[in-house]
Amino acid sequence: MTKKTSIIKHLILMVVVSILILLGTMWGLKIYTRHQDNVRVPNIIGKSLSEAYSLLEGTNLRYEVVDSLYDKNRRPGTIAELIPAAGASVKPGRIIFLKTYASSPMRYSVPYVKDMSVRQARALLRGLGFENITERIVPGEHLELCVGLELKDGRPIEAGTMIAKETPIVMLITGVVRDTLSTRDLIEDYEYMGELSGTDSTVRVKPAKRDTTDTPDDWW
């Protein structure tokens, strides 16, 4: 046997072994991944967790609740969303991730905004998701500073308080508090009350009484 023939035989043997290894790997992956063994994800939207568990267990699937959201028109504890979606083809034993409807809105911590400018305080609140924000002017030494937060009923909101993002927040902003009742408003109200009573309520100025005492011509 020549040296050339020996090299060719070894090359052929290497190719055959490589093909066998490749075929064996593909066969093993097919068994491991159960490529033909798929199940359909059942539609469990709107079902309770107990109902969802029964349906998923019947198809050899597991579930895990990863999040919740609030909707006042939905029944708390029911399924809002699932991943993969209903009808998807998955392997048996796959974990289905669920979102459920919560019984109350999620609450978030109110940040510390005292002594911030109006723009900074509003930007911080909006950045955290609080959008229902109004302002109320209060007296203060410096203008356009946020000196606190309160609810619509006047109760103060301290930093760190947990509230829902939809909660109306009133920012207390320092500014010039003007008297909303002017002198003209007072006069108009006085005239209006006179009309209601049927009397003439026009404000009249009584002329000063003239001194008619005779002055002696010879006072000098």
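Val170 is buried (under 20% relative accessible area, with exposed over 50% and partly exposed in between, 1.4 Å probe, protein chains only), at a relative accessible area of 8%. Val170 belongs to strand S11, residues 169-174, where strands (E, at least two residues) and helices (H or I, at least four) are DSSP runs numbered from the N terminus. The model is predicted, so local features need pLDDT of at least 70 and side-chain atom pairs count only at pLDDT 80 or more, while totals for chains, interfaces and linings use all residues. Residues are numbered from 1 along each chain as its sequence is written, and side-chain values use heavy atoms, with hydrogens and water left out.

**Chain overview**

- The chain has four helices and eleven strands.
- Of the 220 residues in the chain, 22% are buried.
- The accessible surface of the chain is about 17000 Å², and carbon and sulfur atoms account for 57% of that area; accessible areas come from the Shrake-Rupley method with a 1.4 Å probe, and for residues only the protein chains shown count as cover.
- Taking contacts (heavy atoms within 4.5 Å) between residues at least 6 apart in sequence, 68% join residues at least 24 apart.

**Confidence**

- The mean pLDDT of the chain is 80, and 75% of the residues score at least 70; pLDDT is the predictor's confidence in each residue, from 0 to 100.
- Confidence is highest in S11, at 95, and lowest in helix H4 (residues 183-197), at a mean of 53.
- Over residues 199-220 pLDDT stays under 50, and the model has six contacts beyond four places in sequence for this stretch.

- Four strands form an open sheet in the order S7-S9-S11-S8, with mixed pairing; two strands pair if DSSP finds at least two bridges between them.
- Strand S7 (116-117) and strand S8 (133-138) are the edge strands, each with a single partner strand, so one side of each is left without a neighbour in the sheet.
- S7 pairs with S9 in the antiparallel sense over two bridges, and Met116 stands opposite Cys146 in S9.
- Not counting residues up to four places away in sequence, Val170 touches Thr134, Glu135, Arg136, Gly148, Leu149, Glu150, Leu151 and Lys152.

**Nonpolar cores**

- The largest nonpolar core has 15 residues, and Leu125, Cys146, Leu149, Ile157, Ile169 and Met171 have the most contacts inside it; such a core is a set of buried Ala, Val, Leu, Ile, Met, Phe, Trp, Tyr and Cys residues joined through side-chain atoms within 4.5 Å.
- Helix H3 (118-127), strand S9 (145-150) and S11 are the elements that give two or more residues to this core.
- Cys146 is in contact with Val113, Lys114, Asp115, Met116, Ala121, Met171, Leu172 and Ile173, leaving aside neighbours within four places in sequence.
- A second, separate core has eleven residues, including Ile44, Ile79, Ile96 and Leu98.

- S2 pairs with strand S5 (residues 95-101) in the parallel sense over seven bridges, and Val65 stands opposite Leu98 in S5.

- Thr100 lies in strand S5 and is buried, at 11% relative accessible area.
- Beyond four places in sequence, Thr100 touches Leu49, Val65, Asp67, Ser68, Leu69, Thr78, Ile79 and Ala80.
- Thr59 sits in the loop between H2 and S2 and counts as partly exposed, at 24% relative accessibility.
- Thr59 is in contact with Val39, Arg40 and Pro42, leaving aside neighbours within four places in sequence.
- The C-alpha atoms of Thr59 and Val39, 20 residues apart along the chain, are separated by 6.8 Å.
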